[in-house]
Number of protein chains: 2
Amino acid sequence: MEYDVPTGAPAAAPTPAAGDPRLSRLSLNQKTVDRLDLPAAVDLCARHGIPAIGLWREPVTAYGVRRSAKLVRDAGLRVSSLCRGGFLTAEDLPLFRAAIHANQRAILEAAELGTDTLVMVVGGLPAGSRDLAGARERVADAIAELAPFAASQGVRLALEPMHPMFCADRGVLSTVDEAVAMAAPHPVESVGVVVDTYHVWWDPTVAAAIAAAGDRIASFQVCDWVVPLPADTLLGRGMMGDGHIDFRALRGMVDDAGYSGDIEVEIFNADVWAADADETAATVKRRYTSEVL
Amino acid sequence: MEYDVPTGAPAAAPTPAAGDPRLSRLSLNQKTVDRLDLPAAVDLCARHGIPAIGLWREPVTAYGVRRSAKLVRDAGLRVSSLCRGGFLTAEDLPLFRAAIHANQRAILEAAELGTDTLVMVVGGLPAGSRDLAGARERVADAIAELAPFAASQGVRLALEPMHPMFCADRGVLSTVDEAVAMAAPHPVESVGVVVDTYHVWWDPTVAAAIAAAGDRIASFQVCDWVVPLPADTLLGRGMMGDGHIDFRALRGMVDDAGYSGDIEVEIFNADVWAADADETAATVKRRYTSEVL
């Protein structure tokens, strides 16, 4: 790591805990510390001994893709995933083609950043549309077009089933089963699925679905379901342990399915965002250890 | 009907359209006109030629169960369902027993009101609980205990799968498949399922699930999914045609499965509740005809 711990300086900041075997699979999705720019988020992970980071395109673009790649690499961090491609449901052909091109760019960015996982939030229904089946078909068509290009770049499209509450406006893929079925026509190394506890915890078939997903599982993300939902349902995700999700059970299912990759903590929550980032990182590590492992 | 249209009076109010064959299956769930007390809601249905009403226990209790039964009967209305029994997920045994007793009372009320359908909102997770499987098991146990009593009263328990966004705090039954599986051990006339478009529209397996439900379908309820969700997600339901649900497709599935009962319009929405009830009834009839039939 490039981060310098000033020799002999008082330990005002947490000391690095790199090498703590309990944290070997932990990744901090940078959305969890949304106020930090990329260098600050990378620095936070390095100082806290969090070995991987999940990146978002907007802050990466703001800092520059190549610079971001070097920054993360020099810090010794893995990039567990890049969020996000997708939004492939446009009915209007020029808009659909524009989405394909945007996703090709996202694939190139993922490759440059050194991650093999591009998280795909597939998109909701066009304004006024009631054609859910049609939207799902357009996503399948787009994946078929993008998968060979992704594979050529060493990148895997990771289809993210989203909570059904987001079906209309964010992601028409709603279950692990459905995502696996959409991935199935493609080579396992080019199209996988994301298992995000927040999106799938309610599913009465999730254990069987995760078992069947097997080596299609490209990413495992964790955050908790807390009630009541906030006014902005996008910001309702809680710190592990604050809500109703049994993380250890879901991690067991994912592990048993053969997944051994990073476990990304991704929390969209106004209170978490307002907190001190060092405190958030410390809480993430503590809760990851007590609730997920 | 007991409602008197003053002979020769100017047609300030809508004229009854009783007998309009297009409305023969239409039921107005009284929650759609939440500000009206029971006599006013019954009067509204009668004047608008809406042949059935879905009742809620609270306003029925406020008016008196026997009086309510006579009021509805004298108005010539069918009672399509009584909402609601359920809330059967308590871990605490005395609370669980209390819920059983409350449901026995609800069954007796349904019988007295002349409906064979008691809608069951099964309940969410107890505070702090992460044991979703356990909560679902307690619901199954409670249904097994209640079903014979319901059958003895000529009442069918109609298990309502709720949108997964309500899984933690309202209903741990999340899909039609899951509700049918829970109903399956019991005679078809004593335990059925509710298909509510709002709760199930997103489900990629809903067509197959409804077909498999067959004569388990005890109730079909309609309202639309509108975005963005309001701050109180309980009040996010829209008038048919205002959102993303393809009602005709879902009605076709339910019809093809053999359901020929009432189609209940149930809308929880602050704007609808603030509107003039006669306007709401007129809109319900118009949208029912244009969007659902």
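Copies are superposed by least squares on the C-alpha atoms of residues with pLDDT of at least 70 in both. In this predicted model, a rotation of 180° with 0.0 Å of shift along its axis places chain A on chain B, with an RMSD of 0.0 Å. That is the relation of a two-fold axis.

**Symmetry**
- Ala231(A) has the C-alpha that lies nearest the axis in chain A, at 1.9 Å from it.
- Both copies use the same surface, since 100% of the contact residues of chain A recur in chain B.

**Extent of the contact**
- Chain A contributes 32 residues to the contact, and chain B contributes 33 residues.
- About 2,400 Å² is buried between chain A and chain B, and carbon and sulfur atoms give 63% of this area.
- Of the area that chain A buries against chain B, 27% comes from Arg130(A), Trp202(A) and His244(A), more than from any other three residues.

**Charged and polar pairs**
- Two salt bridges are counted between chain A and chain B.
- One pairs Arg130(A) with Glu291(B), where the closest N and O atoms are 2.8 Å apart.
- Across the interface of chain A and chain B, 10 residue pairs are in polar contact, both residues being at pLDDT 80 or more.
- On the side of chain A that touches chain B, 16 residues are nonpolar, nine are polar and seven are charged.

Terms used
Residues are numbered from 1 along each chain as its sequence is written. Chains are lettered from A and ligands numbered from 1 in the order in which they are written. This is a predicted model: local features need pLDDT of at least 70, side-chain atom pairs count only at pLDDT 80 or more; totals for chains, interfaces and linings use all residues. Side-chain values use heavy atoms; hydrogens and water are left out. Contact means heavy atoms within 4.5 Å. Buried area is the accessible area (1.4 Å probe) that two parts lose on being put together, summed over both. A salt bridge is a side-chain nitrogen of Lys or Arg within 4 Å of a carboxyl oxygen of Asp or Glu. A polar contact is a pair of N or O atoms within 3.5 Å; within protein, one must be able to donate a hydrogen and the other to accept it, and residues adjacent in sequence count only if both atoms are side-chain atoms. Ala, Val, Leu, Ile, Met, Phe, Trp, Tyr, Cys and Pro count as nonpolar, Asp, Glu, Lys and Arg as charged, and the others, Gly among them, as polar.
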